[in-house]
Amino acid sequence: MSSEEVLWVEKYRPSRIDDIIDQDHVKARVKGGMLVSGNIPHLLFFGPPGTGKTTMALAIARELYGDAWRENTLELNASDERGGIAMIREKVKEFAKTMPTVKAPFRLIILDEADNMTPDAQQALRRIMEMYTASVRFILLANYPSGIIEPIQSRCSLFRFSPPLPKDAVLGRLREIASREGVKVTDEALEAIWDISQGDMRKAINTLQAAASFGGVVDEEVVYRALGKVSPTRVRAIITEAVIGDFSKAVKEVASLIRNEGADPLDIIKIIHREVVSATSQLKVPDELKPKAVYIVSEHHYRLLRGSSGELQVYGLLARIRKLLHEGYK
Ligand SMILES: Nc1ncnc2c1ncn2[C@@H]1O[C@H](COP(=O)(O)OP(=O)(O)O)[C@@H](O)[C@H]1O
Ligand SMILES: [Mg+2]
């Protein structure tokens with residue numbers, strides 16, 4: 001990646017608490033309580049990836065220390081610290097020696113992926129937190145609170161970052177980023193990014209950037225291509241062709257999807273399953289034929305998992321669904 005190709009997740013990480021999307025209960029507690037008093041307890045932020053935990057921790061650092069936030073904040077990742085808890089202890093000790101360069105009574109340590117630490121390491125962490133509590137505050141980040149031992153939980157204020165971020169908010173943010181980057185994005189592409197990211201803003205922004213790197217308009221197909229996948233809309237069209245249109249033409253397209261575009265036969269079978277049961281699908285499988293159709297899908301799914309050629313299983317499956325729809329119950 002060249003130097004001007006900065007990661008959009010970093011470039012568009014909100015720096016102020018107010019600019020963080022959603023998470024209103026967290027924002028209100030942070031701004032109302034501790035930032036007014038200037039004194040904060042240890043904090044535990046938990047919630048799924050890409051919902052703003054690190055962003056909030058960094059925004060608090062800025063709020064506390066202004067321009068001097070970097071030298072007063074130590075960022076550690078529990079999974080990256082090769083030396084484990086001993087290394088973390090050394091770093092904390094070193095960092096806690098120096099008092100803050102600005103008015104605040106303590107310095108800040110942000111410890112990411114704290115729930116990846118073993119219970120023993122967490123016990124040691126708890127002692128470290130206590131030992132240095134006069135000069136440092138911890139913000140622990142985790143996916144699940146259950147991954148953090150009770151004695152640490154009870155020493156922290158807990159903040160839940162709720163999943164998923166609302167769809168409107170995520171798509172609004174993506175539109176804003178696209179317009180600031182001068183990238184054109186279709187509504188279908190935004191829907192596809194939402195399907196893929198499901199409220200994980202990091203994944204959403206990374207997908208948008210990867211798709212935009214192709215250089216043209218970002219449409220649904222480009223989004224899936226950026227992820228090395230084939231667009232479900234295209235797969236659906238080919239399935240429809242195979243079942244109610246020109247079978248041999250459709251088979252050629254399936255072959256090309258699998259051989260040239262890296263489509264996974266298992267993904268195709270899953271899409272066929274969805275098409276067979278869906279009420280809105282173009283296949284319009286009558287309700288009374290659905291059980292039989294699903295049974296057929298499951299047979300081919302099973303054979304594929306048992307090691308049979310995926311490509312042949314897809315053809316066989318399409319042929320049988322076609323036959324079922326043409327002959328009904330026979
Ligand atoms: N609530 C949010 N509001 C605005 N942007 C967000 C939000 N959550 C995540 N992001 C975006 O996603 C990226 C990753 O967010 P981050 O705070 O690191 O997530 P995590 O919860 O995994 O720590 C950020 O750089 C930012 O661009
Ligand atoms: Mg994070």
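Colleague: Which threonine has an N or O atom in its side chain 2.5 Å from an oxygen atom of ligand 1?

Modeller: That's threonine 55, with a side-chain N or O atom 2.5 Å from a ligand 1 oxygen; a polar contact here is a pair of N or O atoms within 3.5 Å. This is a predicted model, where local features need pLDDT of at least 70, side-chain atom pairs count only at pLDDT 80 or more, and totals for chains, interfaces and linings use all residues. Residues are numbered from 1 along each chain as written, chains are lettered from A and ligands numbered from 1 in the order written, and side-chain values use heavy atoms, leaving out hydrogens and water.

Colleague: What does arginine 202 do with ligand 1?

Modeller: Arginine 202 places a polar side-chain atom 3.0 Å from an oxygen atom of ligand 1. The protein buries 97% of the 550 Å² that ligand 1 exposes when taken alone (Shrake-Rupley accessible area, 1.4 Å probe).

Colleague: Nice. And which backbone does a nitrogen atom of ligand 1 meet?

Modeller: Glycine 52: one of its polar backbone atoms is 3.1 Å from that nitrogen.

Colleague: How many residues are around ligand 1?

Modeller: There are 18, and Val9, Ile21, Gly50, Lys53 and Thr55 come nearest; a residue is near if one of its heavy atoms lies within 4 Å.

Colleague: Switching topic, which domains does the chain have?

Modeller: Domain 1 (3-160), domain 2 (175-226) and domain 3 (232-329), with bounds from an automatic or database assignment. Domain 1 and domain 2 each give at least three residues to the ligand 1 shell.

Technical notes. Polar contact = N/O pair within 3.5 Å; in protein donor to acceptor, adjacent residues only side chain to side chain.
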